[in-house]
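Work through these exercises with the sequence and the model side by side. Try each task before you read its solution.

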Amino acid sequence: QVQLVESGGGLVQAGGSLRLSCAASGRTFSNYAMAWFRRPPGKERESVAAITWSGGGTAYADSVKGRFTISRDNAKNTLYLQMNSLKPEDTAVYYCAAKGSVPDYWAPMRWYDYDYWGQGTQVTVSS
């Protein structure tokens, strides 16, 4: 089992920045591919970014490419999402997710590929 706890959400003006964190516990974090997803108000869950367990490979949704950066610190068992140039349409509950025992090239953007989820953190971007 892996426990995931997100933090860092909040209210920010358009054009601002936030850094989300996801603290993992319970198993060897470095063996897990990780990802960020979000659920905008009234909409379906959507992918944001994913990262391989070594951190050497990343993937981004087109809507956030060039503005968001996913990274991880395996020594600290923590996943990050640096969000810059935020837009009102980035408003959502953001979730981190994990999948263990995967090859290092594996970092899918499909929510159903992930086994463990955090409780979410709210990000609100005002115009």
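A nonpolar core is a set of buried Ala, Val, Leu, Ile, Met, Phe, Trp, Tyr and Cys residues joined through side-chain atoms within 4.5 Å. Buried means under 20% relative accessible area, exposed means over 50%, and partly exposed lies in between (1.4 Å probe, protein chains only). This is a predicted model: local features need pLDDT of at least 70, side-chain atom pairs count only at pLDDT 80 or more, and totals for chains, interfaces and linings use all residues. Residues are numbered from 1 along each chain as its sequence is written, and side-chain values use heavy atoms, with hydrogens and water left out.

**Exercise 1. The cores**

Task: Find which residues of the largest nonpolar core touch the most other members.

Solution. 
- Step 1. Start with the general rule: in soluble globular proteins, nonpolar side chains tend to be buried together.
- Step 2. Here the largest core has 29 residues. Leu-4, Met-34, Trp-36, Leu-79, Leu-81, Met-83 and Tyr-94 touch the most other members.
- Step 3. Now see which strands contribute. E3, E4, E5, strand E7 (68-73), E8, E9 and strand E11 (121-126) each supply at least two residues of this core. Strands (E, at least two residues) and helices (H or I, at least four) are DSSP runs, numbered from the N terminus.
- Step 4. Look for another core. A second, separate one has 9 residues, including Ala-33, Val-102, Trp-106 and Ala-107.
- Step 5. Zoom in on Leu-79. Contact means heavy atoms within 4.5 Å. Setting aside neighbours within four places in sequence, Leu-79 has contacts that include Leu-20, Met-34, Trp-36, Ile-51 and Ile-70. Cys-22 and Cys-96 are also among them.

**Exercise 2. The salt bridges**

Task: Which residues are linked with Arg-38 in a network of salt bridges?

Solution. 
- Step 1. Set the cut-off. A salt bridge is a side-chain nitrogen of Lys or Arg within 4 Å of a carboxyl oxygen of Asp or Glu. The structure holds 6.
- Step 2. Take one partner. Arg-38 bridges to Glu-46, with the closest N and O atoms 2.6 Å apart.
- Step 3. Take another. Arg-38 also bridges to Asp-90, at 3.0 Å between the closest N and O atoms. This pair links distant parts of the chain: Arg-38 is in strand E4, and Asp-90 is in the loop between strand E8 (78-83) and E9, 52 residues away.
- Step 4. Compare burial. Arg-38 and Asp-90 are both buried. Glu-46 is partly exposed, because its relative accessible area is 27%.
- Step 5. Arg-38, Glu-46, Arg-67 and Asp-90 are linked in it.

**Exercise 3. A sheet**

Task: In what order do the strands of the 4-strand open sheet lie?

Solution. 
- Step 1. Two strands pair if DSSP finds at least two bridges between them.
- Step 2. Read the order. It is E1-E3-E8-E7, with antiparallel pairing.
- Step 3. Find the edges. Strand E1 (3-7) and E7 are the edge strands, and each pairs on one side only.
- Step 4. Inspect one pair. E3 and E8 run antiparallel and are joined by 6 bridges. Arg-19 stands opposite Gln-82 in E8.

**Exercise 4. Buried or exposed?**

Task: Is Gly-42 buried or exposed? Is Ser-21 buried or exposed?

Solution. 
- Step 1. Gly-42 sits in the loop between strand E4 (32-39) and strand E5 (46-51). Its relative accessible area is 90%, so Gly-42 is exposed.
- Step 2. Ser-21 is in strand E3. Its relative accessibility is 17%, so Ser-21 is buried.
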